[in-house]
Amino acid sequence: MSIFEGYVGIRLWDGQLVDDVIFSLLLFLFIVFAFVFRLNFQLFVKMLKDAFLVKERQNLFDGVAGKSDFFFRNFMTFQVLFLCSIALIAIGRIYGIVSYVEWREVLWTFCTIFCVLFLFYQFKQSCYFLLGSVFADPNKYRLWKTSYNAIMGIWGVSLYVPVLWLVFVGTHVTIPVVMFCILYILCRFVIIYKTIRIFHKKSTGLLYISLYLCTQEILPLVFLYEGMVYLYNFIETSTLWH
């Protein structure tokens, strides 16, 4: 496909179409988030409170009349996976790990990374459910799940800062990359802290926390790393991307 030169006759650089696709994806997400934030402002405020409170409550957004948290909670999760996918693509292009010049390639890669992260997220949710059902009190597990969803939602909103930097600024890329890593580490530390606050009670709580750290914070990262290495090798050798 020939590169459109525009009305002024200035030829676009080879990666311009890819940048336009990434920009369009990010703009679409930001517009949807703006509508969701405007329509669910009370739920957003409750989410901020639930990220720090450990008081047992019936549900995540208790006291918000006429509001259901199902769509809001799932959209915030979708936003996390969406922004992480864009960030990984942008970092890969900046550091030369991937060099896409066709918009179809970046769409295929985005969908692939998003699906991998989604499957990884579902795997962790299954482990959470099994651990919570077998070793934890149902009320405490629901309280922990409430806090977990709130922390993930806040992390997703904070990801806009490094992602926008990577997409629009393009210089001093070490800063957004470090910021992205720090935000992820802080997110995991807050989740671990809330887990200890909620479940630590004598030997039973200590057993649950030990199982949680092994199955949720260590092994999944190993699986994700190996999966990303396999995905990178697959993309580099597959004819779909060449």
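User: What percentage of the 242 residues of the protein count as buried?
Analyst: This is a predicted model, in which local features need pLDDT of at least 70, side-chain atom pairs count only at pLDDT 80 or more, and totals for chains, interfaces and linings use all residues. Residues are numbered from 1 along each chain as its sequence is written, and side-chain values use heavy atoms, without hydrogens and water. Buried means under 20% relative accessible area, exposed over 50%, and partly exposed in between (1.4 Å probe, protein chains only). Of the 242 residues, the buried share is 40%.

User: Are the planes of Phe30 and Tyr160 stacked or edge-to-face?
Analyst: Rings of Phe, Tyr and Trp (its six-membered ring) pair if their centres lie within 6.5 Å; planes under 30 degrees apart count as stacked, over 60 as edge-to-face and the rest as tilted. The centres of Phe30 and Tyr160 are 5.6 Å apart and the planes stand at 80°, so the pair is edge-to-face.

User: Which of these two residues is buried?
Analyst: Phe30 has a relative accessible area of 42% and is partly exposed. At 6%, the buried residue is Tyr160.
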